[in-house]
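Please look at the structure first.

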Amino acid sequence: MSDRTEKKSYEGRSITVTFEAGRCEHAAACVRGLPEVFDTGRRPWIRPDGADAGRLAEVVRSCPSGALQYELVDGGETPRLPPA
């Protein structure tokens with residue numbers, strides 16, 4: 001049995017996403033926000049290279065429980081999307 005407080009990292013080319021299962025409220029904001037990255041039916045269920053790092057960071061920030069976090073690989077500033 002796995003430790004539900006353990007953080008698991010999913011590394012992409014420009015962004016790394018971490019997930020802490022014990023904090024997750026299963027609101028599915030991530031799955032609705034970027035189903036091409038977050039897919040609970042496949043393994044690994046998080047694929048950071050499935051979307052632009054800026055968009056992915058935005059969806060991770062919308063996680064209501066804070067179970068998802070991210071870090072940019074280059075350590076730079078948080079990517080922002082251009083105005084629509």
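Q: Which side chain does Tyr70 join through a polar contact of 2.9 Å?
A: This is a predicted model: local features need pLDDT of at least 70, side-chain atom pairs count only at pLDDT 80 or more, and totals for chains, interfaces and linings use all residues. Residues are numbered from 1 along each chain as its sequence is written, and side-chain values use heavy atoms, with hydrogens and water left out. A polar contact is a pair of N or O atoms within 3.5 Å; within protein, one must be able to donate a hydrogen and the other to accept it, and residues adjacent in sequence count only if both atoms are side-chain atoms. At 2.9 Å, the side-chain partner of Tyr70 is Arg61.

Q: Is Tyr70 buried, partly exposed or exposed?
A: Buried means under 20% relative accessible area, exposed over 50%, partly exposed in between (1.4 Å probe, protein chains only). Tyr70 has 22% relative accessibility, so Tyr70 counts as partly exposed.

Q: In what order do the three strands form the open sheet?
A: Two strands pair if DSSP finds at least two bridges between them. The edge strands, each pairing on one side only, are β1 (7–11) and β3 (68–72). The pairing is antiparallel and the order is β1-β2-β3.

Q: What is the bridge partner of Lys8 in β2?
A: β1 and β2 form a hairpin with three residues between them. They pair in the antiparallel sense over five bridges. Tyr10 has Val17 as its bridge partner in β2. For Lys8, the partner is Phe19.

Q: How many of the six residues of β2 are buried?
A: In a regular strand the side chains alternate between the two faces of the sheet. On one side of β2, Ile15, Val17 and Phe19 are buried. On the other, Thr16, Thr18 and Glu20 are buried too. The count for β2 is six of six.

Q: How are the rings of Phe19 and Trp45 arranged: stacked, tilted or edge-to-face?
A: A search of the whole structure finds two aromatic pairs. Rings of Phe, Tyr and Trp (its six-membered ring) pair if their centres lie within 6.5 Å; planes under 30 degrees apart count as stacked, over 60 as edge-to-face and the rest as tilted. Phe19 and Trp45 have ring centres 5.0 Å apart and planes at 80 degrees, so the pair is edge-to-face.

Q: How many residues apart in sequence are the parts that Phe19 and Trp45 tie together?
A: Phe19 is buried, with a relative accessible area of 13%. Trp45 counts as buried at 12%. Phe19 lies in strand β2 (residues 15–20) and Trp45 in the loop between α1 (29–33) and α2 (53–61), so the separation in sequence is 26 residues.

Definitions and conventions
Helices (H or I, at least four residues) and strands (E, at least two) are DSSP runs, numbered from the N terminus.
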